[in-house]
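Let's take a walk through this model together, one region at a time.

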Amino acid sequence: MTGPETAPGAARAPEHDDEGGASVDTTLAPGAEPAEEVLSADEPEVAERVDPEAPWDRLSWRMLLVHPLGMLTRLLPLFVISLWLGSNRSNYWFEIIVVSLVVVGSVLRWLSTSYQIGRTHIILKKGFFSRQVVTVARQRIRSVDFESDLFHRVLKVSIVEVGTGRADSGKSDAERFRLDAIDTTLVESLRDELLKHRRALDPSLDVEDEDQWGSKYGEDIARWKVTWSRFAPFSFIGFGVLFSLWLITWQMGDMHDRIMDLAVVEGTIAWLDSLGQPWALVGKGIAIWLVAGVLAVITYAIRYGKYALTERGQLLYVQNGILRRKHQALDKARLRGVEMRLPVYLRMVGGGRLEPIMTGTKKGSTASTLLPQAPIKDMRRVAIRILGDATPVTVPLRRHPWKAARRRITRGLLPFWIVAGILVLVRIDTGPSADIWVVWGIPAALLLFLLLSADRIRMLGHALLPDTLVTSSGSWTAKRSVLEADGIIGWTVTQSVFQRSAGVATVSAATPAGTGVYSVIDIDAGEAWSLAEALTPGITDVWNHQGDDPGRVSPSMGVPRS
């Protein structure tokens, strides 16, 4: 059963602006212009927004080197395959043509790109064959992020991207105000200039220190420590890198054979095979995990090395990366809560990760991370500092009914039956030689999935605080989410066939922030809409009708009719 509703008086987020309901109002008033707009070069609106007194600037001439190097690096696998397949040819016209196109494209991009920092708007003109103009109203700027990879850093240039609070996942490349690249020495001053208007939101700032508003003047909340690298092997980063390397060496043929013919590899495989099954398989799995762990530590250090989280007034500054440096400015006015990621494989070694629940942030692999894999105590400390209250982070959760626990077990054992069925089929197909897999594999799988089910029961729960929802669920992907009631724009209560028979339901809070939906799973069905009413008073008034029997209950569960 589904019953999505929006609280009376609470506006839904605009289709193209995730700032709806924020304390800093960025929703469009009647007749107001959008935060950012893509126009053709000949449209009259462009001339109206150009500041006649502000100069037009170009990207740094060094992008003529950075852009070709970056593109050629990404095309390197194509070149390797091309050279390998055509190792006996005498001409290289394909490679010459590709390199020439990349260089010409970089020159045209530099010639056709210019930008202006005006008093009311910032304007970016780009495109050689199809001219486009991106305009952003300065008072709508919410963040100025910059990053630099290895080539950018060597040539001392940076990429700058201006954000307005719109979700980046909803933007096309044409809509982004992105400067790739400008002189690194200009970045700090440019960011501080574009964020000057934020001073009005921070009473602690005065005119004297307005010009010094930048990340280097903020107060440290957390900084990366080398000891955090111990959490890297307990993630899937290393396996992804290992699989990529395996594909590359496999494509190269002789390289893969050379690696497998190494004395240390052959000796290790021979020794593990001498142990017999299932120990040989377990040993090979551990060996692969160790190799992936080393790669994970290296990748983690490169990605999050020099990480720092600092706070200055209304802004949180996040910076990380060694080869590719990223600097992000997150507006606290867009913050709706935090999410503590606690997967069981990371929790076993005392680690966790912290993500913001914030409007206008990127989703997926490019999402803004407040704290990478780090000790749980550091994750909780940062969460408390950002929220300004320890209660949502430390409050004991209300446990769900025993029927919810039963569902955790029955659903958690579904993979076990699949594994057991496969092992039985293997035994039938191969005969008595596979008895050892049945004897050891089935009990081991049963124990594993029972432990995961017990962990899911332990992590399942929720808490209702004044103006805050805390919900927790999962095991392999366990997380504890803290969401402000002011950030909720609608509620949905759902019941599957199996949930109806168990008398439980899932209550989902819709929000323009973060992933968009945060759910309380398998709550007692009679309390479903009562939970929504507690956080959004008046949400269930739609079911109140005069003259109804006093004992009747709304079909949407748990809402008595007056």
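Helices (H or I, at least four residues) and strands (E, at least two) are DSSP runs, numbered from the N terminus. Axes are lines fitted to C-alpha atoms, for helices over the stretch in contact, and angles run from 0 to 180 degrees between N-to-C directions; contact means heavy atoms within 4.5 Å.

Before going further, please note that this is a predicted model, in which local features need pLDDT of at least 70 and side-chain atom pairs count only at pLDDT 80 or more, while totals for chains, interfaces and linings use all residues. Residues are numbered from 1 along each chain as its sequence is written, and side-chain values use heavy atoms, with hydrogens and water left out.

Three strands form an open sheet in the order 19-20-21, with antiparallel pairing; two strands pair if DSSP finds at least two bridges between them. Strand 19 (490-494) and strand 21 (517-524) are the edge strands, each pairing on one side only. On average, neighbouring strands of this sheet are turned by 20 degrees against each other, direction ignored. Strand 20 (residues 504-510) and strand 21 run antiparallel and are joined by six bridges, and Ala505 stands opposite Ile523 in strand 21. Helix 19 also packs on the sheet, touching strand 19, strand 20 and strand 21, and its direction makes about 170 degrees with that of strand 19.

Within helix 19 (residues 528-535) you will find Leu531. Is Leu531 buried or exposed? Leu531 counts as buried because its relative accessibility is 3%, where buried means under 20% relative accessible area, exposed over 50%, and partly exposed in between (1.4 Å probe, protein chains only). Leaving aside neighbours within four places in sequence, the contacts of Leu531 include Trp491, Val507, Val520 and Ile523. Leu464 is also in contact with Leu531; these two are 67 residues apart in sequence, yet 8.0 Å apart in space, C-alpha to C-alpha.

Let's move on to helix 16 (residues 414-430), whose 17 residues reach 25 Å from first C-alpha to last, close to the 24 Å expected at 1.5 Å a residue. That expected span is 1.5 Å times one less than the number of residues. Phe416, Ala420 and Leu423 are buried in helix 16. Seen down its axis, the buried residues of helix 16 fall within an arc of 60 degrees, so they line one face of the helix; the arc is that of the directions from the helix axis to the C-beta atoms. These buried residues pack against helix 17 (435-459). The face turned away from the buried side carries exposed residues, among them Trp417, Ile418 and Asp429. After helix 16 comes Gly431, with a positive phi near 90 degrees.

Finally, look for the largest nonpolar core, which has 37 residues. A nonpolar core is a set of buried Ala, Val, Leu, Ile, Met, Phe, Trp, Tyr and Cys residues joined through side-chain atoms within 4.5 Å. Helix 13 (376-387) is one of the elements that supply at least two residues of this core, and helix 13 gives the most, with five residues. Leu371 is among the residues with the most contacts inside the core.
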